[in-house]
There are 2 protein chains.
Amino acid sequence: MAAELTAHELIAKHRPTLDQALEAIRTRAYWSPHPEHPKAYGEHGSLDAAAGKAAFDALLGTRLDLGQPGTDDWVGDEVSPYGIELEVTYPHADIEVLLPAMKAGQRAWRDAGPEVRAVVCVEILKRISDRTHEFAHAVMHTSGQAFMMAFQAGGPHAQDRGLEAVAYAYAEQVRTPGTAEWTKPQGKREPLALTKRFTPVPRGIGLVIGCNTFPTWNGYPGLFASLATGNAVLVKPHPRAVLPLALTVQVARGVLTEAGFDPNLVALAAERPDEGTAKTLATHPEIRIVDYTGSTSFGDWLEAHARQAQVYTEKAGVNTVIVHSTDDYRGMLSNLAFSLSLYSGQMCTTPQNLLIPRDGIRTDQGHKSFDEVTADLARAVDGLLGDDARANALLGAIVNPDVKARLEAAAGLGEVALASREISNPEFPGAVVRTPVIVKLDGAKPDDEAAYMSECFGPVSFAVALDSATDAVELLRHTVHEKGAMTVGAYTTDPEVERAIEEVCLEEAAQLSLNLTGGVYVNQTAAFSDFHGSGGNPAANAALCDGAFVASRFRVVEVRREA
Amino acid sequence: MAAELTAHELIAKHRPTLDQALEAIRTRAYWSPHPEHPKAYGEHGSLDAAAGKAAFDALLGTRLDLGQPGTDDWVGDEVSPYGIELEVTYPHADIEVLLPAMKAGQRAWRDAGPEVRAVVCVEILKRISDRTHEFAHAVMHTSGQAFMMAFQAGGPHAQDRGLEAVAYAYAEQVRTPGTAEWTKPQGKREPLALTKRFTPVPRGIGLVIGCNTFPTWNGYPGLFASLATGNAVLVKPHPRAVLPLALTVQVARGVLTEAGFDPNLVALAAERPDEGTAKTLATHPEIRIVDYTGSTSFGDWLEAHARQAQVYTEKAGVNTVIVHSTDDYRGMLSNLAFSLSLYSGQMCTTPQNLLIPRDGIRTDQGHKSFDEVTADLARAVDGLLGDDARANALLGAIVNPDVKARLEAAAGLGEVALASREISNPEFPGAVVRTPVIVKLDGAKPDDEAAYMSECFGPVSFAVALDSATDAVELLRHTVHEKGAMTVGAYTTDPEVERAIEEVCLEEAAQLSLNLTGGVYVNQTAAFSDFHGSGGNPAANAALCDGAFVASRFRVVEVRREA
């Protein structure tokens, strides 16, 4: 088939972006090709705010026909956390038809080589980027994120994470040259001489199991890492967050077709309610890679059972912030208040346990008792969320009834330092919007341990009183070791305490943010620079993104012959 | 403690070697810093042949005290396949004492950083290299390899594989810079600025489970990959091949001590007969990495059960050579004869199934029928091994009674094209030396399938008659897919057949040697250039050596703070 997009054109168009991405992962300095500001869109073929909204609206109530083989039904019943029913239906796949069809195009995709695969991936990301406004609404109305967050985290930041994975995948594949001449001296005899060809070959079909809260941000790294390394990719979205990934699959299939490849290299596996497709797929012999974001229990299940596959999990942990001392008390409070509030704490990176000395902390505002710190933090959150419009823009909506139930139950776990309150959303009256709750617990009370040692996903934090900095550091170690952590934060002006916290993070492999008081938050990581997770503690077995995340997605086959 | 070897000295001494190794894995051209010729040793502190032999002799009947903590007994009852009892005893460890002691030095080893760890590893390899003659006898008298092979494969080639792992480990760890300054523009506002520090941290303790046949060659990659990435390494040698790895551990402990590190970063776990230590160790919570070479059944057990660890296995496969056509019939026969004879076929890379068209092959010597090919190959093996001295030098000794039993049983599986014969070894009358057997089987007979589809480790090959090249290619595919293969060979002058074979190897991830007729053999791979195994078929889940072999042995911890 004649490709509308030639390899040559794609390389000319996207090689500079790939090169910049390769440089960024090497220096880990700031870089992104994807604008964060909504107003940056609308030119050069990208949709502006109005066009993006219109495109999203036009999707509602439609059947998203991806043209996939083996489609035996149409499924989908997404209801936005903001209350609207999307009424979009998606292809339901007969897996025994779809999977073989996905393999048909793998040889050509493999033979295209790392560079062509990379620029095809960059083209997919570019087209997604152009539709960022449309994707933003899709992410908002599946995850419950507020619009601005859905726009940024679901758009440019997710695209960055996808491109980062493409860069790692490309770099890893070209570490071994395509060919080598090997000449071994044999003293006075003729040297031995071989010509060797090295080809990166895919494992097979990669499965991406999407999550409800960050369908694109958490889905793109695995999707693009597997695709760029020559694998076909089957995307099994969360049943409540299908649309953003279905659109992604649609874009990918379009680009693959135009570039002369088989569109079935990327496909969607939407499911009926309670169908539990993920287990069946993850253990299917044709599935050789699994990327998963979600609950610890199912992540552990995958690691134990999907033995025919390389399994990359991002599960959940109990994130800790040690509050020991600070020279910017106001900055600390406002930074923490934002971290606890953003997307109603529904991030795997949101702090849960705030470890505070029972006898208070030293600050630039003088000594603050445990009660003062918690009261001041409560006030900071209240201040941040005092205006309903601002609160809605920060909190988004509660994504599902389980989160709401946990939030409501949390108030019974201890003394409430900050009560959660209901916020109304004038634009979306159906949205469940709640401010965070902060509950005081005592680190010395065995009864309280069950609460702070369990992950309580949602807008719930515990201010845990501890006898000393040493106790806090030890509880940090125990928590990361037993429960894992996606993030650790700490505030301290004491070099000894700082060193002790760092040492725990190095020993337990947790990512540490120290003394953040400005516009960077412990729960946010930037692609190309920050690692998301470490892969070294129970919260995740992989990090976004490093060599380990891509190196096992392909193998290198050598063919050697005498020169 | 004051180090006798400073980091500065080690870097000055070994950085050039490391740089050359890094260049070699990038170009995959021929390179080795370790001389292959026995006469190259004896100067600059290395032991010559006589000194090496004397050093080995002096070890016999001694207790090899490594100074390890938790030593509760002395064990060892190695009997050389050449008949002599080594009577060397080794420390038996109380694991609950030894493992904690191994962790004590990890922090300093981690803080030393990738470069210092790399040059310490190079120093260990250098000292092993200086004692290559001594190690050669140790390898010979545990594996049963003939001296020259024990010298080369157990000496320089093993050291090359160790250095290759060090190079990959170093490269992987320095892909992420030690620090980064991240500055994100904020329009008219002050940019966000963070200082980030990235530290490679080890997983914990790596376990190396050694094999009987190639204790150093197969042991060094995992040992050095884990050590260079900051882990402590516990070496559990095969009970019949302890000495080469015990000496390795001794050297490593000496270098670590001199360089100011804790010697317990490397330790030995010798075991009593039938103690089955490997299972206990491999599932111990402190063991976070396992490197294993050996039987498929135990390799599969490890992959299933050592879930707390990263598990790298090299198991076994059924290696195939397709004999389709050749323009160098004599070269082909002599190359194959050597491959089948070397170390009595006791290599995981030795060809087992020779797939030959039932109606013969085209050659530069005219058409050769199936029977002519097998008879000519039998003659070539006979010619190669006709002289007893040469036969002993090539065959070495049968490593254990199981191999001998399989060899004897093989003659009953079909028509014998080449009978095995007994060779006497005048120097070591106790050695069991046997020439290879070649048995004819019919690819169309279901009864024969059980034989050629099972791994028959040892000097046993099957000449399998097939109806067509297509059938041979399909049997190759089926064999690699179901049983795995460390190597595939093929002889063909037909570009179509060649393409079909290559395609199978790419699809099933098998390493292919084409038309080898000279001094390179399908069962040999060269470090820095050839991959040993692919990690993509059932014979092994890892390749020696690539990024995937090292990338998951450490994690990167980031500490970030406002700039």
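Trainee: In what order do the ten strands of the open sheet come?
Mentor: The order is β3(A)-β4(A)-β19(A)-β18(B)-β17(B)-β10(B)-β11(B)-β16(B)-β15(B)-β12(B), with mixed pairing. Strands are DSSP runs (E, at least two residues), numbered from the N terminus, and two of them pair if DSSP finds at least two bridges between them. This is a predicted model: local features need pLDDT of at least 70, side-chain atom pairs count only at pLDDT 80 or more, and totals for chains, interfaces and linings use all residues. Residues are numbered from 1 along each chain as its sequence is written, chains are lettered from A and ligands numbered from 1 in the order in which they are written, and side-chain values use heavy atoms, leaving out hydrogens and water.
Trainee: Which are the edge strands?
Mentor: β3 (179-186) of chain A and β12 (415-418) of chain B; each pairs on one side only.
Trainee: And in which sense do β17 and β18 of chain B pair?
Mentor: Parallel, over three bridges. Ala490(B) stands opposite Leu514(B) in β18(B).
Trainee: Switching to the interface, how many residues does the contact take from each chain?
Mentor: 78 from chain A and 78 from chain B, where contact means heavy atoms within 4.5 Å.
Trainee: How many salt bridges across the interface?
Mentor: The rule finds 20; it asks for a side-chain nitrogen of Lys or Arg within 4 Å of a carboxyl oxygen of Asp or Glu. Asp546(A) forms one with Arg555(B), their closest N and O atoms being 3.1 Å apart.

Terms used. Helices (H or I, at least four residues) and strands (E, at least two) are DSSP runs, numbered from the N terminus.
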